Amino acid sequence: MSFPPPAFSDIANLEVKSKAPNGVNFNVKGKSSHEGSTTGSIEGKYVNAPAGFTVTQAWTTANVLNTKLEFDNQIANGLKAEVAADFIPSSKNIGAKINLAFKQPNFHGRAFVDLMKGPTANLDAVLGREGFLVGAEAGYDIEKAAITRYAAAVGYSVPQYSAAITASNNLSVFSAAYYHKVNSEVEAGAKATWDSKGSSNVGLEVAGKWRLDPTSFAKAKVNDRGIASLAYNVLLRSGVTVGAGISLDTQKLNESAHKVGTHFEFSG
């Protein structure tokens, strides 16, 4: 669903995109935690469409080097395979992962394997037919041959609206969500969550999105704890997008519990 405002940690972000004449895409990202620290990365991506592969390399402000090789529809029709590796020069630590995604008209399955931790695998699959959806996910420790977590969901989705019921945290946390595209300008949704092993209270979130004109839109969200979020996004001109957001604790209006942020995105 696209209607909720972004998480506050995503508001004060900076992103600059460009494309070199040889087809290499560059992306520079910056992110503020609102507490003084800022993280970022510089990324280069090369796409070879005729050969069906993509190479992405990134260097982060945490001094981590990431490399990812993607193959789309090369091994089998509908299968996307990724091999990802990261290297931390200061500690000489190396990470390696294999990610697989297989899509067919009524099936979508994924596998994420961490070769250096365990190894472990996270698996999920969804079956769909005429708008009805059934899915499940599980975590698996390959070395111990044990399932570490599991979840399940059922739903119904059409272009105008969707609804879903999910049981996560080993079927102990239940949530129900509903999304409705009222028209081309207004979207609305709600979500309720209950933890069977925690409080007897049910958490509730309500959100909406309003497209003000072809270049701008506003979002709003409020939950049962009294946290209200507002966001505004506008396309100033081709390649330049600016956003602003605020998060208010309506139960503590006289305290410094509120947050304000901005978002800039440049592409070319």
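Two rings of Phe, Tyr or Trp, with Trp represented by its six-membered ring, count as an aromatic pair if their centres lie within 6.5 Å. With that in hand, let us walk through this predicted model, which holds 5 aromatic pairs.

Start with Tyr 161 and Tyr 178, whose rings form a tilted pair, 6.4 Å centre to centre with 35° between the planes. Tyr 161 belongs to strand β12 and Tyr 178 to strand β13, so this pair ties together parts that are 17 residues apart in sequence. Tyr 161 has a relative accessible area of 33%, which makes it partly exposed, and Tyr 178 is partly exposed too, at 39%.

Another pair to look at is Phe 174 with Trp 194. Here the ring centres are 6.0 Å apart and the planes meet at 20°, so the pair counts as stacked; the cut-off for stacking is under 30 degrees. Phe 174 sits in strand β13 and Trp 194 in strand β14, residues 186–195, so the pair ties together parts 20 residues apart in sequence. Phe 174 is partly exposed, with a relative accessible area of 31%, and Trp 194 is likewise partly exposed, at 35%.

Now go back to the two tyrosines, Tyr 161 and Tyr 178: together with Phe 132 and Tyr 156 they form one aromatic cluster. Elsewhere, an aromatic ring has a charged neighbour: Lys 209 lies over the face of Phe 217, at 4.5 Å from the ring centre.

Which strands supply at least two residues each to its lining? They are β9 (120–129), β10 (132–141), β11 (146–157), β12 (161–168) and β13 (173–181). The largest share, 7 residues, comes from β11. In total, 23 residues line this pocket, and Val 126, Ala 153, Val 154, Ala 164 and Thr 166 lie nearest its centre. Sorted by class, the lining has 14 nonpolar, 6 polar and 3 charged residues.

Finally, turn to strand β2, residues 25–32, where you will find Asn 27. Is Asn 27 buried or exposed? Its relative accessibility is 9%, so it counts as buried, the limit for that label being under 20%. Leaving aside residues up to four places away in sequence, Asn 27 touches Glu 15, Val 16 and Lys 17, along with Ser 41, Ile 42 and Glu 43.

Note on methods. Residues are numbered from 1 along each chain as its sequence is written. This is a predicted model: local features need pLDDT of at least 70, side-chain atom pairs count only at pLDDT 80 or more; totals for chains, interfaces and linings use all residues. Side-chain values use heavy atoms; hydrogens and water are left out. On a 1 Å grid over the protein atoms alone, a cavity is a set of points where a 1.4 Å probe fits but cannot get out, and a pocket is an open set with protein on both sides within 12 Å along at least five of seven lines; lining residues have an atom within 4 Å of a point. Helices (H or I, at least four residues) and strands (E, at least two) are DSSP runs, numbered from the N terminus. Ala, Val, Leu, Ile, Met, Phe, Trp, Tyr, Cys and Pro count as nonpolar, Asp, Glu, Lys and Arg as charged, and the others, Gly among them, as polar. Buried means under 20% relative accessible area, exposed over 50%, partly exposed in between (1.4 Å probe, protein chains only). Contact means heavy atoms within 4.5 Å. Rings of Phe, Tyr and Trp (its six-membered ring) pair if their centres lie within 6.5 Å; planes under 30 degrees apart count as stacked, over 60 as edge-to-face and the rest as tilted. A charge sits over a ring if NZ of Lys or CZ of Arg is within 6 Å of the ring centre and within 35 degrees of the ring normal.
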